[in-house]
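Visitor: Could you walk me through this one and show me how its descriptions are reached?
Guide: Gladly, let's look together.

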Amino acid sequence: MTELRTERLVLRPWRDRDLGPWAAMNADPEVREHLGDVLTREQSDASVARFRAGFDRRGYGWWAVEVRATGEFIGFAGLDDVEDDLPFGGVEIGWRLARPAWGHGYATEAALAVLAHGFGGLALPEILAVTTAGNLRSQAVMRRIGMTRDPAGDFDDPTAPEGPLRPNVLYRITAADAAAASGNFTARRRI
């Protein structure tokens, strides 16, 4: 599995010691505000099993994110195939961080490394991002990493109940647009 390194972060394979902090994140109503109900420990552990299987099957997925200086697990970032029940297809970027990690620029830093890998290492032509219409923090990260909202792609999530989790927005970035904006999409990686 590829490991990505940034100035302050390591995006790496999941370790068993990540399960506890990951479960604590998924039990935090503020972290889950735009995702739905909090998860039980069993549901949280099962998600990591799916993340590991996805990486094994596709060669990309959700990395655990840790702070380089301390080794502290702070969340996840990565790429996933868009779910089949959505009105578009492709590969989606995403991130989720523990509340103490908010406001430090970690989501943007991790997302830029993921984009670099997606465009440079995987040669993807385009990467999408989806979030609830009310998730302004994630939308700000999407704009900071060069993504553009596609209002024609906004949709109601068919799996969400009526309410604030149903309206979703779609952002896009192509490899050409990313290269033009940054001039270079490479990341230090170790396989």
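**Reading the labels**

Visitor: Why is Ala123 called exposed?
Guide: Ala123 has a relative accessible area of 58%. Exposed means over 50%, buried under 20%, and partly exposed in between, using a 1.4 Å probe and protein chains only, so Ala123 counts as exposed. This is a predicted model, where local features need pLDDT of at least 70, side-chain atom pairs count only at pLDDT 80 or more, and totals for chains, interfaces and linings use all residues. Residues are numbered from 1 along each chain as its sequence is written, and side-chain values use heavy atoms, leaving out hydrogens and water.

Visitor: Where does Ala123 lie?
Guide: Ala123 is in the loop between α3 (106–121) and β6 (126–132); such helices (H or I, at least four residues) and strands (E, at least two) are DSSP runs, numbered from the N terminus. Its phi is near 55°, a positive value in a residue other than glycine.

Visitor: Is Ala110 buried or exposed?
Guide: Ala110, found in helix α3, has a relative accessible area of 2%, so it is buried. Ala110 touches Leu9, Leu11 and Ala77, not counting residues up to four places away in sequence; contact means heavy atoms within 4.5 Å.

Visitor: What makes α1 oblique to α2?
Guide: Helix α1 (residues 19–26) and helix α2 (residues 41–58) pack at an angle of about 120°. Angles under 35 degrees are roughly parallel, over 145 roughly antiparallel, 65 to 115 roughly perpendicular, and the rest oblique, so α1 is oblique to α2.

Methods
Axes fitted to C-alpha atoms, helices over the stretch in contact; angles between N-to-C directions.
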